[in-house]
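Student: Could you take me through the aromatic pairs in this one? I'd like a close look at that part alone.

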Amino acid sequence: MALPALFDRMRLPVIGAPLFIISGPELVIAQCKAGIVGSFPALNARPQSQLDEWLHQITEELAAHDRDNPDQPAAPFAVNQIVHRSNNRLEEDMHTCAKWKVPLVITSLGAREELNVAVHQWGGIVLHDVINDRFAHKAIEKGADGLIPVAAGAGGHAGTISPFALIQEIRAWFDGPVALSGSIASGAAILSAQAMGADLAYIGSAFISTKEARANDSYKQGIVDGKAEDIIYTNLFTGVHGNYLKKSIENAGLDPHNLPESDPSKMNFGSGGNTKAKAWKDIWGCGQGIGNIDEVLSAGELVAKYSEEYHTASKRLNAITV
């Protein structure tokens, strides 16, 4: 199945994943101008009124770019909505997204049919992130247009299933848009995701260390210095299992190899008033692919690097298969 026309403006088959606290208008705009989908969590805009300001800024700057660069228009942008019941801003944030007709909405932690209907009413597309095939079925049954399989090794709230296994189970029954996540941090890995059956690669951790990201210098350097073995999988910090950089856990005075389990029923992704979430604000989420990140680049430079690697890998693959 061909991708929706929305994705025709992309120069590299990549979605920049929404990064909690880290993604803001600067990063999203830079990603879109470079030719990949840029995204951010709606909850990053605080207070809620700031979401309208951010969407205005993104929309206006990308429109200006398109006027000045008709041969290289910007890729579309996306807003991530946390659908979990603890998000007490969801309805208001959705009204703001409707006002700006956000082209792509990425939903997480629950599939909601009424939300998908609302996005479709303004002409948008919904991609839902999932950690297994069962959740993938539920998302499509409730009207999502596509899927983001968050496989083992991905940053943030990742699953434990190999990307090879997860993508083949989904492709056995679903031929719509799929963006694969899980340790993708090179142009060759982007091509590999496509070879496995994905349409797009979903990359987050690599953009944490970019110049436009709203991460502090210590966080960015932690990404540059880190390797796969430095990633810890735990549900302590949000109630949902995810991958985090060991150094930040140690900096918080915790033993990363002896962390207690959190009660999943207590997880909270609300409007920012959760004191427990604030206590863990310096815990750094990231995935296992960071071993390939060795310097801080601009988002445009990183996309250009991946594009060169992608085309080199494509040529190498063609030489092997001919």
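This is a predicted model: local features need pLDDT of at least 70, side-chain atom pairs count only at pLDDT 80 or more; totals for chains, interfaces and linings use all residues.

Tutor: Numbering starts from 1 along each chain as its sequence is written, and side-chain values use heavy atoms, with hydrogens and water left out. Rings of Phe, Tyr and Trp (its six-membered ring) pair if their centres lie within 6.5 Å; planes under 30 degrees apart count as stacked, over 60 as edge-to-face and the rest as tilted. That rule gives 4 aromatic pairs. One of them is Phe 40 with Trp 54, an edge-to-face pair at 5.4 Å centre to centre, with 70 degrees between the planes. Phe 40 sits in strand 2 (residues 38–41) and Trp 54 in helix 2 (residues 49–68), so this pair ties together parts 14 residues apart in sequence. Helices (H or I, at least four residues) and strands (E, at least two) are DSSP runs, numbered from the N terminus. Phe 40 and Trp 54 are both buried, where buried means under 20% relative accessible area, exposed over 50%, and partly exposed in between (1.4 Å probe, protein chains only).

Then there's Tyr 219 with Trp 284, a stacked pair: 5.1 Å centre to centre, 10 degrees between the planes. Tyr 219 is in helix 9, while Trp 284 is in the loop between helix 11 (275–279) and helix 12 (299–321), so the pair links parts 65 residues apart in sequence. Tyr 219 counts as buried because its relative accessibility is 8%, and Trp 284 counts as buried at 7%.
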